[in-house]
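Please look at the sequence and the 3D structure shown here before reading on. The report after them is meant to be read side by side with the picture.

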Amino acid sequence: MKPLKPIENFIKRQTVSLPIMAVMFPVLYLGAEIGFIASGAVAAGTYIASNSTMKQVQLSSDSKNFGMTRSEYKNVQLQIKEGKEKIKQLQGNYYKVRSISSFKQLIDMTKIANKIILVVQQNPRKFYLAEPFFYSHLDSAIELTEKYTLLVGQPVKDTEMRITLQDTREMLLSLNKVMEQDLKRVLSSDIERLRMELDYAQLAVDQHNEQKLLVQPESEHEGDVEDDRETIKPE
């Protein structure tokens, strides 16, 4: 199963659409003699139509490869795109926090989020294992982080605000652990497959070692006929 390759698909579309446009323009301008602007407009329209058609074909092909409907596949692509934008929002708060621990915690959170996005991008069907991350956990992380950075930046902090800040830090820590569970869930099938491959490899190694034990090296004279001359005594 191949991962999503938006850049590769884009390049393929351009390698077909651009040459078509490049050929259409001189044919229309020199051959049909419909004018420079009209020829350019028709050639551009040909490029757009070709590019759009190929995009739909690629969408159908990719969704079929992953055993998904077109609507499911498009939704996953949309969620991946939105997820990347949300991660950028998280990263924008890096230098707004005022403590090293909060800074490290935010970095860990964005690393986990990026890993989840990458796994789902490589296998869109795993999106359904990470729906809470896309629809809830990532949004909560952004909301809590932005509120925390807003409060921590205030010049005056009374007892109530300090308590709120501490509660927010603890909630972000808990949310970080929840996102770690999201990552483990999307990786669960990969881990299980790796375990099976390791078990198979170990079985092959054990069988090889057993065969080596069964085949013992032969001694120098093993299988030779006994030399009777050694037992013959002269009369």
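This is a predicted model: local features need pLDDT of at least 70, side-chain atom pairs count only at pLDDT 80 or more; totals for chains, interfaces and linings use all residues.

Residues are numbered from 1 along each chain as its sequence is written, and side-chain values use heavy atoms, with hydrogens and water left out.

**The cavity**

Searching the whole structure gives one cavity of 30 Å³ or more, where a cavity is a set of points on a 1 Å grid over the protein atoms alone at which a 1.4 Å probe fits but cannot get out. The largest cavity holds about 90 Å³ of space, a volume being the space filled by probe spheres set on the points. Its lining, meaning residues with an atom within 4 Å of a point, consists of V97, S102, Q105, L106, M109, T145, Y148, R169 and L172. Helices here are DSSP runs (H or I) of at least four residues, numbered from the N terminus, and α4 (100-122), α5 (131-152) and α6 (159-214) each supply at least two residues of this lining. The most comes from α4, with four residues. By type, the lining has five nonpolar residues, three polar and one charged.

**The salt bridges**

Side chains of opposite charge can pair when their charged atoms come close. With a salt bridge taken as a side-chain nitrogen of Lys or Arg within 4 Å of a carboxyl oxygen of Asp or Glu, the count comes to four, and the table lists some of them.

| Pair | N to O distance |
|---|---|
| E85 and K88 | 3.9 Å |
| D139 and K86 | 2.8 Å |
| K147 and E143 | 3.2 Å |

On the scale used here, buried means under 20% relative accessible area, exposed over 50%, and partly exposed in between (1.4 Å probe, protein chains only); D139 is partly exposed at 31%, whereas K86 is buried at 16%. E85 and K88 sit three residues apart in helix α3 (residues 70-91), and so are separated by about one helical turn. K147 and E143 both belong to helix α5, where they are four residues apart, about one turn of the helix.

**The surface patch**

I7, F10 and I11 make a nonpolar surface patch of about 320 Å². I11, which lies in helix α1 (residues 6-32), is partly exposed, with a relative accessible area of 48%.

How values were computed:
On a 1 Å grid over the protein atoms alone, a cavity is a set of points where a 1.4 Å probe fits but cannot get out, and a pocket is an open set with protein on both sides within 12 Å along at least five of seven lines; lining residues have an atom within 4 Å of a point. Ala, Val, Leu, Ile, Met, Phe, Trp, Tyr, Cys and Pro count as nonpolar, Asp, Glu, Lys and Arg as charged, and the others, Gly among them, as polar. Patches are made of residues with over 30% relative accessible area and no salt bridge: like charges are joined within 9 Å, nonpolar side chains (Val, Leu, Ile, Met, Phe, Trp, Tyr) within 5 Å. Accessible areas come from the Shrake-Rupley method with a 1.4 Å probe; for residues, only the protein chains shown count as cover.
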